[in-house]
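Here is a short walk through one structure. Keep the sequence and the 3D view side by side as you read.

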Amino acid sequence: MTQEGYDAMADLYATTLPTTYQLSIELHAVAAFVELAVECDGVTVDVGCGLGHVTADLVARGLDAIGCDPSAGMLGHARRNYPDLHFLEDDAALTRLPGDVGIAAIIARFSLIHVEPAQVAGVLELWSDRLTKGTPVLICFQASDEPGTPISFDHAVAPAWRWHPDEFSRILGDHGFAEEWRIVYRDSSYRFPMAYLLARRT
Ligand SMILES: C[S@@+](CC[C@H](N)C(=O)[O-])C[C@H]1O[C@@H](n2cnc3c(N)ncnc32)[C@H](O)[C@@H]1O
């Protein structure tokens, strides 16, 4: 489990993207997720936590949160940024998160874009196996307006794919989750539409 792209770019990434949320709509999306997560027992997992800013925001909002990321370089920054928080070197499959750790909720912000589309179903199956009914998951991704197969795009750091929100909703539905809401937003500073998709374990 490595993320060479992010390992190589971690220092630059930390300098050029020192903040978490670029638009206020993102704050509202995460706040709505937190409202659901606080109702659930266990740890909220920030999948692909990168520099740790979102993990820290979740903790500041009252959640017991842990950040997981396969890039040792990104985790190094996260640990230096937030020495009191918990971070684990792990990828989206969460195989290193001990099985007896109860998961209250999962957020994956711009991280599942880096999982090959053919592997995403397997990740969702693993999550589904570990989560209890009603557990919220929030997925954030660069979206596509083209229905159907995800589209690879020239992400600056690592191979990445954009999903049509309907397709992501479908694959969630096929693997034990039901969409509750989504936000799709467009901004002139982004090349692509962006999506936040909230689903719950059924
Ligand atoms: C664009 S950054 C987003 C960081 C953070 N979630 C945020 O919103 O600021 C993408 C992160 O996903 C991580 N990542 C890449 N492949 C991954 C995988 N297979 N599973 C989990 N995270 C992955 C990268 O190491 C990187 O830290």
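Which residue in E3 is the bridge partner of Gly-67? The partner is Phe-87. This is a predicted model, where local features need pLDDT of at least 70, side-chain atom pairs count only at pLDDT 80 or more, and totals for chains, interfaces and linings use all residues. Residues are numbered from 1 along each chain as its sequence is written.

Strand E2 (residues 65-69) and strand E3 (residues 86-89) run parallel, joined by four bridges. Strands pair if DSSP finds at least two bridges between them. Strands (E, at least two residues) and helices (H or I, at least four) are DSSP runs, numbered from the N terminus. From E2 the chain passes through helix H4 (residues 72-81) to E3, a right-handed β-α-β crossover. Right-handed means that, with the strands pointing away from the viewer, the path from the first strand over the helix to the second runs clockwise.

Now turn to Tyr-21. It sits in the loop between helix H1 (4-16) and helix H2 (24-37). Tyr-21 counts as partly exposed because it has 15 C-beta neighbours inside 10 Å. The scale is this: buried takes 20 or more other C-beta atoms within 10 Å, exposed 12 or fewer, and partly exposed lies in between, with C-beta atoms placed from the backbone. His-53 is 32 residues from Tyr-21 in sequence, yet 9.2 Å away in space, C-alpha to C-alpha.

Last, look at Ile-106. Beyond its neighbours within four places in sequence, Ile-106 is in contact (C-beta atoms, placed from the backbone, within 7 Å) with Val-45, Val-47, Trp-127 and Val-137.

How values were computed. Contact = placed C-beta atoms within 7 Å.
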